[in-house]
Amino acid sequence: MSARSRARGTLLLAGAVALVAAAPLHAQQVATDSANPSIVSLVGRLDLERYKATIKALTQFGDRRQGTARNRAAIDWIERQLQSYGCAPTERLTYDYQPTPPGPRVVRGPDQAVGGGRLRGARRPTRVNVDSLAQPDRTLRALNAPPSVPGQRQEVYCTKVGATHPDEMYIVGAHMDGIGWGEAANDDGSGTALVMELARVLSAPDVQSGRSIRFVLWNNEESGLDGALAYVAQRRALQGKETPAGSGKYPEPKWLGMIQHDMMLFDHGMPHPDSSVSKTQRAEADVNIEFQSDSKQAESSQRLAWHFAKANERYATDYPAAVGQHMTNTDSHPFQDLVPSISLRENERGTQIGAGWDPQWHQPTDLYSTYNDSDFRLGLNAAQTTLGALAELAGVTLK
Ligand SMILES: [Zn+2]
């Protein structure tokens with residue numbers, strides 16, 4: 001045996017040993033990478049027409065601006081829907097909101113995006129529309145006319161209580177308030193309807209979850225994440241406390257993760273050089289899962305994000321997912337230094353939405369009628385992604 005063939009023999013032997021050792025590991029790999037049939041069947045209970053109908057129903061309350069009667073009516077309606085799904089009892093968090101003058105302007109470089117990313121390519125300007133006359137629909141203009149009044153605010157949530165770990169939970173959220181003189185159909189009717197659909201599917205009597213899952217419809221996101229901030233301020237210290245002692249009840253289970261959904265429908269690509277944006281969903285459209293690399297929970301948030309990306313491959317029917325590290329400007333922000341936190345969106349918030357990729361953002365054109373089934377299906381795929389990932393993480397089973 002030459003030195004070379006002996007070396008090859010050793011290599012072959014090493015390869016064989018590695019194969020034997022790797023076999024069970026590989027089998028395990030296959031098992032965790034493949035879809036769980038009962039989760040597939042659960043995800044199959046999500047339905048495009050139901051998702052669209054819930055978004056459409058939310059638009060009956062116009063822009064649902066915080067601090068108005070139309071906002072309160074929307075909360076009442078959402079609460080009744082959650083109850084009808086069996087996600088009961090519903091609860092409300094009450095807080096006071098007084099607008100404060102904006103802080104000092106953050107100075108950024110010309111290519112620096114909010115959240116830490118770098119802007120590339122063509123951009124179009126973004127702003128919040130404050131001109132009522134920019135809304136040509138007189139009925140909608142009148143509905144959105146009463147202004148926001150400072151004072152008491154509420155936001156609604158309900159919980160699927162864990163069968164084996166009622167003291168631990170994942171928080172699934174979206175904001176129900178909007179702005180800009182439209183119908184806030186995408187921002188954030190699309191996320192609100194997604195969370196409501198997950199509450200419906202997971203509240204079915206034949207669904208059991210090991211850990212608890214809370215569905216929260218934040219208020220006051222558009223004013224500066226005030227509803228999520230109020231939740232963290234009021235409930236953070238209550239985590240994991242059995243109340244009353246010995247009851248087996250945990251009003252605020254320990255937070256395991258926070259998953260936010262904000263603008264789920266529109267991924268039509270970068271603006272053209274003339275500032276126009278394509279009328280059709282781009283063929284490469286994807287669900288953007290973001291964590292914040294500058295947060296104290298960056299490592300665990302990143303793992304959560306990758307788990308969601310894998311769940312997308314297993315359970316989402318049409319659109320893939322992409323992970324990014326610049327989560328920003330949404331209700332997961334107040335959680336990001338405390339627990340693993342991610343947001344799901346149509347695009348990256350900083351580098352893409354911030355560069356004008358969504359021309360309806362905070363505009364009178366954010367209407368149900370603006371979107372078509374390719375757009376709505378992107379939101380549905382985000383719902384499939386979150387439901388699949390959550391079912392695995394929380395230990396959801398079908399009885
Ligand atoms: Zn939003």
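A disulfide is a pair of cysteine sulfur atoms within 2.5 Å. The legends below describe close-up views of a predicted model.

**View 1. The disulfide between Cys87 and Cys158.** The sulfur atoms of Cys87 and Cys158 lie 2.1 Å from each other, and a disulfide joins the two residues. By the rule given above, the count for this model comes to one disulfide. Cys87 belongs to the loop between helix H4 (69-84) and strand S1 (91-97), whereas Cys158 belongs to strand S2, so the pair ties together parts that are 71 residues apart in sequence. The torsion about the S-S bond is about 100°, and the disulfide is therefore right-handed. Both Cys87 and Cys158 are buried.

**View 2. The largest pocket.** The space in the largest pocket amounts to about 1400 Å³. Its lining consists of 40 residues, and Pro102, Arg108, Val114, Asn329 and Arg349 are the ones nearest the centre of the pocket. Sorted by class, the lining of the largest pocket contains 15 nonpolar, 14 polar and eleven charged residues.

**View 3. The second largest pocket.** This pocket has a volume of about 400 Å³. A set of 18 residues lines the second largest pocket, with Ala88, Pro89, Thr159, Lys160 and Val161 nearest its centre. Two elements, strand S2 (151-160) and strand S5 (211-218), each give two or more residues to this lining. Strand S2 supplies the largest share, three residues. In the lining of the second largest pocket, nine residues are nonpolar, five are polar and four are charged.

**View 4. The largest nonpolar core.** This core has 68 residues. Those with the most contacts inside the core are Ile78, Leu82, Phe215, Ile342 and Leu344. Helix H9 (residues 373-394) gives the most to the core, with ten residues.

**View 5. The surroundings of Ile78.** Which residues does Ile78 touch, not counting residues up to four places away in sequence? They are Leu58, Val156, Met176, Thr192, Met196 and Leu217. Ile78 is also one of the residues with the most contacts inside the largest nonpolar core.

Notes:
Residues numbered from 1 in each chain as written. Predicted model: local features only at pLDDT ≥ 70, side-chain atom pairs only at ≥ 80, totals over all residues. Heavy atoms only, no water. 1 Å grid on protein atoms, 1.4 Å probe; cavity = no way out; pocket = protein on both sides within 12 Å on 5 of 7 lines; lining within 4 Å. Points joined across faces, edges and corners; volume = space filled by probe spheres on them. Nonpolar A, V, L, I, M, F, W, Y, C, P; charged D, E, K, R; others polar. Helix = DSSP H or I, 4+ residues; strand = E, 2+ residues; numbered from the N terminus. Buried < 20%, exposed > 50% of the residue type's maximum accessible area, 1.4 Å probe, protein only. Core = buried A, V, L, I, M, F, W, Y, C linked by side-chain atoms within 4.5 Å. Contact = heavy atoms within 4.5 Å.
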